[in-house]
Number of protein chains: 2
Amino acid sequence: MVQIMQNGYMNKWLKVNLASMELSDFTFSEDILRKFIGGKGIAVHFLWKYAKKLEEKGINLKEFDSLSPDNVLIFATGPVTATKSPNSGRHHVMALKSPLTGSIGSGNTGGRWGAKLKFAGYDGIVVAGKAEKPVYLTVFDGKAELHDASHIWGMNSIDTTKWLRDQYGKPRAGVSCIGPAGENLVPVAVIMNEEHRAAGRTGLGAVMGSKNLKAIIVDGDQKPSIAKPEEFDVKVKEHVEKLKENGVTGEGLPTYGTAILVNIINQNGLFPTNNWQTGVHEEAEKISGETLTDEYLISKHPCWGCVVACGRKSKVDSGPYKISYTEGPEYEAIWALGGSTGINDMGAVVRANHYCDIYGMDPITIGSTIAAAMELKEKGKIPEEELQGIELEFGNNDAVVELTWMTAFRQGLGYWIGKGSKSMCEHFGAPELSMSVKGLEMPAYDPRGAKGIGLNYATANRGGCHVTGYTIAAEILGDVDRFTIDGKAELTKIFQDFTSLVNSTVNCLFLTFALGLDEYAEMIGPVTGWDVDADELLITGERITNLERMIINKLGFSGKDDTLPKRLLEEKMPEGPSVGQTVNLEAMKQEFYQLRGWIDGKPTIEKIKELGLEE
Amino acid sequence: MVQIMQNGYMNKWLKVNLASMELSDFTFSEDILRKFIGGKGIAVHFLWKYAKKLEEKGINLKEFDSLSPDNVLIFATGPVTATKSPNSGRHHVMALKSPLTGSIGSGNTGGRWGAKLKFAGYDGIVVAGKAEKPVYLTVFDGKAELHDASHIWGMNSIDTTKWLRDQYGKPRAGVSCIGPAGENLVPVAVIMNEEHRAAGRTGLGAVMGSKNLKAIIVDGDQKPSIAKPEEFDVKVKEHVEKLKENGVTGEGLPTYGTAILVNIINQNGLFPTNNWQTGVHEEAEKISGETLTDEYLISKHPCWGCVVACGRKSKVDSGPYKISYTEGPEYEAIWALGGSTGINDMGAVVRANHYCDIYGMDPITIGSTIAAAMELKEKGKIPEEELQGIELEFGNNDAVVELTWMTAFRQGLGYWIGKGSKSMCEHFGAPELSMSVKGLEMPAYDPRGAKGIGLNYATANRGGCHVTGYTIAAEILGDVDRFTIDGKAELTKIFQDFTSLVNSTVNCLFLTFALGLDEYAEMIGPVTGWDVDADELLITGERITNLERMIINKLGFSGKDDTLPKRLLEEKMPEGPSVGQTVNLEAMKQEFYQLRGWIDGKPTIEKIKELGLEE
């Protein structure tokens, strides 16, 4: 069969079977690519087919062990990845099942690995099975090989990255790897790339660890063809211009990084503090983007091809958390490790975030779970001997720093932190203290102060997640009334579907502050040669959202799981600009289901057919 | 064959073959027991025969990998263990080869495990081979079993101990185990027992880890028979009286613990500071036994059957190293983690020592190796990027605390700390900065201020060690001239041989402050029924010292290895009460060899015959 080459793609995927140690190539038809684009979309398509195969083998997906060799891991780029289009160095990673949540595993990450994978000649990599001993994978200029990794097993992400680049004399190669947390199968483990970037949620690092796969290094000189290069160049220039003119992408993010949000969110009274007991952190200024910039910043550090450069190189000059070089922390990490735990020492946040990076862990889940542990302690639920001397109190910098690294190695209470707040709070007999949805800890916006994000947390397929439908862009940074529930169902649906598209394209979600669906059509069209418009793309996004939903239905999730912690539904925000608010979720959710064509959290057969998902 | 029961012994040893998972019993003849007593002596006897067997199999002992399944681990008690004789809860652990030094592996430890092993019906345990998956061993009332330990692999020593005791409902059982450092095959790993006691030198924990053996829990109600119980009771009372009347064992050690030595040794100007660059620590008072007692002590914590109670339960009330409960630190740990690294915060020392305990590592080697790293850094030998932000400077509390836990998990520079100062200093191109003998870091007495201990460091079989021949008892705590070399050869020989006996008996070396060879005859005689006297016992000690020496000769060590770091031989002590001193080792060493009947560090055939070791 003659392979039809599709513009924008390398037209080659790598399948790694770690059970047999066999490598093989495959590709997707143009029809499938147009329906699912790439990145998250194509991964969801693959996972759906894979899930059906497992069911045919008699495997019950609800009871299926996420750390068994049967789980599958996918690294995926999209048609825009590695092109001149801004912020296109990213990639998306998925697994059929998350070790943290039991729902789908999914994470999107910056850096340069995505672009380098395409330069190495591949659109994506599927990893199945489990290697007998630790291995790493090299993909250089179209050629892939597996190698013994026993001697680098145990290395942290920085050392691993350095070792692999040195070994092959490729100082600019992309390296994705796990740290000790992934090796130790800690459910909060992430997959790191470029030392400080992470496919950061749902425990993908533990899935990689369960496969005995330490790292993937990619490099090469290949490039995807562009269908209409002149037209594309013109559009790229226009898009860059729009990004530079936009207040958020042209000024706020470049100047202060994502941490600019600390003061904004806190001033609106929805900065979750002391495990969401309030939305106001009295000393937020000390852990703000302004403080980070004034006292901890070395310089900016953009991802590959990025025109925004929200990434930070940072340091701590003095005190117990002194460190001469690290990166970040991002807003979400500052909030989770700082606000959520009630601490006010940016040095401690930087240090704890550094441990998350080098040992490969999700700072949102870790910070939020430490905060839940602090509330468990406050309420007398954790026996003193479990603490082994740690003073587990809101505001204790040392407790946060220490528990963070202990989590990587499953030490002491770190064992429970590593399982996430849902498992931990159940274990200690107070499940209501876990501020999570579908087992994934919610991020840094209390929906009592912005109702739309609450609906998104409740309904996002991977669990309590902001980057699935970031309605904060409209409710806090835009002019949509944040307290009303009117119109939030539609807002959430559009944000979710647009985001599904962005994560399939694949480029940076921050583009959407300045670029809309029309501009996405202007990227994808000239690259692929398809005559796409905004309407088609939004439906594509909806298709991807729905197919992902169909997978989590198979995993056992339904309408009852589209909910929020009781605290947000019943306890009024006690103080500040969002005082007195709760989330009236049920009304929004019913409207949302109607708009989505879902019943009890499941797409109807009509909706499935409408989206061309009936096969 | 009818088994002759020998008084003082359980007359039963357990052999654990982890390759075949077979357990079997064996014993030693009375003739061998009288020649080697027990503990270290009987272990050395076993190792000698085992070493010869390996040689017969064609294995080159010099190149033999200490972490291979062919290495063997021995846990041994003696005839006095578990009797009423004071301080007899101890046991001795040995391995044919140390992963840290390449010389013999050897460590003696307090706690209660030794006594509990005899109550469980065994004099000792030999562990050979390697299990396919992690296992632990139970020995209860004469019955031994192996069990899957996969689920407790990764646990620290405190959790492991607690888990095993809970599992079997035996809260007073003895538990010996490794922590993460042993599992990770870190050469500085120890074998812990009773949470805070360690067979603490030469990397025995890594040998246990290499065998996939996580823990041994022992308990029971059996007891050794005593040949002359009435006579024994009378002697026990006399011995206890002598211990209580003695200034060191009756007052100094009970009141201040071993940490009482900090001020004494510093005031004599031989407290090695800043990696032995001087013998005076200006702020030693802050890390002294007096400070420990005043500010950090919870209470005493004696070993099983101990009448001295030098053990400390401790805490740190405030500051970054706050901890509500731990034990120690001992004098050597305070010196290594504190003085050697130039720090003056007892909280940091307590915390670092706590990490050594829970992750199972040797604080002497770790502290001394961190100090060597600090001097390497000072001299520009460690590239900045290797430090990953750690401010590696003498006096930096945080660097010591952080590098200690990082060592357990082989993270960053902790990888090199874990290999010990000899490997580390060679790697960074300055081998002369390792303050070790035969690869084992010397402890807390600069021999420029007490020459005898220098000869002992140089000639001790396991390397730079104080508890092989603690001449400090005479040179600093007694009235022997510390600066002269006259008579030090004989002093060292007697101390070494007496110590070999004590570690075979097995009880606590601290008894020797109050009890001499005559008293040891008064213990061993009534227990075993043998008509032994001081002369026989000293020859027994000499036999054990020599047979151990014959083993290290087989491992490749000879006269050239009986030396000291150049700094001690050539650099004059720069200040304080020992100012201007160096160690004239060669003269002492030649006299020592003559007294020992050794040529080039090897026993002559005449000496071997004289000691009955010719077989």
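Ile37(B) sits in the loop between helix H1 (30-36) and H2 of chain B, where helices (H or I, at least four residues) and strands (E, at least two) are DSSP runs, numbered from the N terminus. The model is a predicted one, in which local features need pLDDT of at least 70 and side-chain atom pairs count only at pLDDT 80 or more, while totals for chains, interfaces and linings use all residues. Residues are numbered from 1 along each chain as its sequence is written, chains are lettered from A and ligands numbered from 1 in the order in which they are written, and side-chain values use heavy atoms, with hydrogens and water left out.

Although Ile37(B) is not a glycine, its phi is positive, at about 65 degrees. With a relative accessibility of 1%, Ile37(B) counts as buried; here buried means under 20% relative accessible area, exposed over 50%, and partly exposed in between (1.4 Å probe, protein chains only). Most residues other than glycine have a negative phi, and most peptide bonds are trans. Asn275(A) also has a positive phi, near 55 degrees. This residue belongs to the loop between helix H9 (261-267) and helix H10 (289-296) of chain A, and Asn275(A) is buried, at 0% relative accessible area.

Two peptide bonds deserve a look as well. The bond from Gly328(A) to Pro329(A) is cis, with omega near -5 degrees, and Pro329(A) lies in the loop between strand E15 (323-327) and helix H11 (331-339) of chain A. In chain B, the bond from Thr505(B) to Val506(B) is cis, with omega near -20 degrees. Val506(B) is placed in the loop between helix H20 (488-505) and helix H21 (517-528) of chain B.

Another loop residue is Thr468(A), found between helix H18 (451-459) and helix H19 (472-475) of chain A. Thr468(A) is buried, with a relative accessible area of 13%. Once neighbours within four places in sequence are set aside, Thr468(A) is in contact with Asn456(A), Ala460(A), Arg462(A), Phe495(A), Gln496(A) and Thr499(A), contact meaning heavy atoms within 4.5 Å.

Salt bridges come next. Over all chains the count comes to 72 salt bridges, each being a side-chain nitrogen of Lys or Arg within 4 Å of a carboxyl oxygen of Asp or Glu. One of them joins the side chains of Arg34(A) and Glu536(A), at 2.9 Å from N to O. Arg34(A) lies in helix H1 (residues 30-36) of chain A and Glu536(A) in helix H22 (residues 534-554) of chain A, so this pair ties together parts that are 502 residues apart in sequence. Both partners are partly exposed, Arg34(A) with a relative accessible area of 27% and Glu536(A) at 23% relative accessibility.

Lys116(A) forms a salt bridge with Asp219(A), with 3.6 Å between the closest N and O atoms. Because Lys116(A) is in helix H3 (residues 113-119) of chain A and Asp219(A) in strand E12 (residues 213-219) of chain A, the pair ties together parts that are 103 residues apart in sequence. Lys116(A) is buried, at 12% relative accessible area, and Asp219(A) is buried, at 14%.

In chain B, the side chains of Lys554(B) and Glu55(B) meet in a salt bridge of 2.7 Å, N to O. This pair links distant parts of the chain, with Lys554(B) in helix H22 (residues 534-554) and Glu55(B) in helix H2 (residues 39-56) of chain B, 499 residues apart. Glu55(B) counts as partly exposed, at 33% relative accessibility.

Finally, the two chains can be considered together. Where do they touch? In all, 29 residues of chain B are in contact with 29 residues of chain A. In chain B, Gln388(B), Trp405(B) and Gln411(B) lose the most area to chain A, together 25% of what that side buries, where buried area is the accessible area (1.4 Å probe) that two parts lose on being put together, summed over both. The area buried between the chains is about 2,300 Å², and carbon and sulfur atoms give 41% of this area. Four salt bridges are found across the interface of chain B and chain A. Lys322(A) and Glu391(B) meet through their side chains in a salt bridge of 4.0 Å, N to O.Chain B can be laid on chain A with an RMSD of 0.0 Å by a turn of 180 degrees and a shift of 0.0 Å along the axis, the copies being superposed by least squares on the C-alpha atoms of residues with pLDDT of at least 70 in both. The two copies are thus related as by a two-fold rotation axis. Of the interface residues of chain B, 100% are also interface residues in chain A, so the copies meet through the same surface.
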